[in-house]
Amino acid sequence: SKIPSITLNNGVAMPQLGYGVWQIEDDQAFTAVGQALDAGYRSIDTAMIYGNEEGTGKALAASGIARDELFVTTKLWNGDQGHDAALRAFDTSLAKLGLEYVDLYLIHWPLPAQDTYIETYQALEKIYKDGRAKAIGVSNFLPEHLERLLGETSVVPAVNQIELHPQFQQGASRAFHARHNIVTEAWSPLGQGKGLLTDPTVTELAAKHGKTPAQVVLRWHLQLGNVAIPKSVTPSRIAENIDVFGFELDDADLTALAGLDSGNRLGPDPATFGG
Ligand code: NAD
C-alpha cells in the first residue's frame, strides 16, 4: 500500500495514517469504514465506548482484505479497568469486531484518582503474551503516568494516543515518548475541523502548496513522526485526508505551524477526567 508504516518498539508495523471512527453510529460504521478501506486506508481506530465495533468489524469482513493487511485498534473503556474486568472487556470487544486478534489494544484513559491502570495494564500484558493483541499501549497518559507504568510493568507501551494538533502540540509528551521508544499517535489530528482549518497560517500554506488545509495539517503530523487518525464520513474528505504523500512542508512552513501552539486542549484533561 502507499501509506508508509512506522515500526513499533516490538517490531510490529503500524500505518502512519489511519481512519478514526469516533461519533459514527454503529449502523453507519459499515458504510463509513467500507469507504475508508476503498479509499486505501488499512488502519482503523475504534473503541468500546464508540459503540461501533460491530459495524466496523462487519465492514472489515465484507472488504475481503486479508487480515494481515489490516491494522485494527480498539480501546478499553474506563468502567472496565481492573485486571479481571479488563480481560472480560477485551473478549467482548474481540467478539464484537469478529476478530481473532487486534493489532493494538489501548487503555483509553489513565483515571489516576482511581489508581487501577497498573493492574489493568497487567491484563493487557497477558492479552499481548497470548497473541490476542499484536501490540499494547495507552491513550491520554501524561508523562507521570507513563513513568509509573514503566517502573511497575514489563512491556513498554508501543503507543500513547493523545490529543495532538498544531494548536496543542504536546512538546513534553512527544519528547518523553521519543526518549522511551513509544510512538505518539495523534487524536483529533485536524483539531476536530474547528478553527485550525481556517487559521490564516494554515490556509496560506494550503494555497502555497496547492493543497487543502486538512492536507497541510496531516503533512505536519507525518513530518513530525506522529501517527494520525483523521475522521470524516464525507467520501471526498476521506479521500483527501489520505492523499498527503505527494508533497512536503519545508522548514519555514514547519516553523510557521510551530507558532500555532495555544496550549489549550479541545478535550478533557487526563489528570482529572473520569474522577
Ligand atoms: P479530527 O481532528 O479527525 O476532525 C474530524 C472532523 O474534522 C470531522 O468530523 C469534520 O468535521 C472535519 N474534517 C475531516 N476531514 C476534513 C477535511 N478534509 N476538510 C475539512 N474538514 C474536515 O477529530 P476526531 O474525530 O475527534 O479525532 C479523530 C479520531 O481520533 C477519532 O475518530 C477517534 O478515532 C480518535 N479519538 C480518540 C480519543 C481518545 O481519547 N483516545 C479522543 C478523540 C478522538
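**Exercise 1.** Work out how much of residues 17-259 is helix and how much is strand.

*Solution.* Start with the record: UniProt, in an unreviewed entry, lists residues 17-259 as "domain: NADP-dependent oxidoreductase"; such annotations may be inferred rather than shown by experiment. Next, take helices as DSSP runs of H or I with at least four residues, and strands as E runs of at least two, numbered from the N terminus. That gives 45% helix and 13% strand, with the end C-alpha atoms 24 Å apart.

A quick word on the model: it's predicted, so local features need pLDDT of at least 70 and side-chain atom pairs 80 or more, while totals for chains, interfaces and linings use all residues. Residues are numbered from 1 along each chain as its sequence is written.

**Exercise 2.** Find where His-108 sits, and decide whether His-108 is buried or exposed.

*Solution.* Then locate His-108, in the loop between β6 (104-107) and α4. Now count: buried takes 20 or more other C-beta atoms within 10 Å, exposed 12 or fewer, with C-beta atoms placed from the backbone. His-108 has 21, so His-108 is buried. Leaving aside neighbours within four places in sequence, its contacts (C-beta atoms within 7 Å) include Ala-47, Lys-75, Trp-77 and Ser-139.

**Exercise 3.** Pick out the buried residues of helix α5 (residues 143-152).

*Solution.* They are His-145, Leu-146 and Leu-149. They span an arc (of directions from the helix axis to the C-beta atoms) of only 95°, which puts them on the same side of α5. Finally, their cover includes α4 (117-129), β8 (159-163) and α6 (171-180).

Conventions. Contact = placed C-beta atoms within 7 Å.
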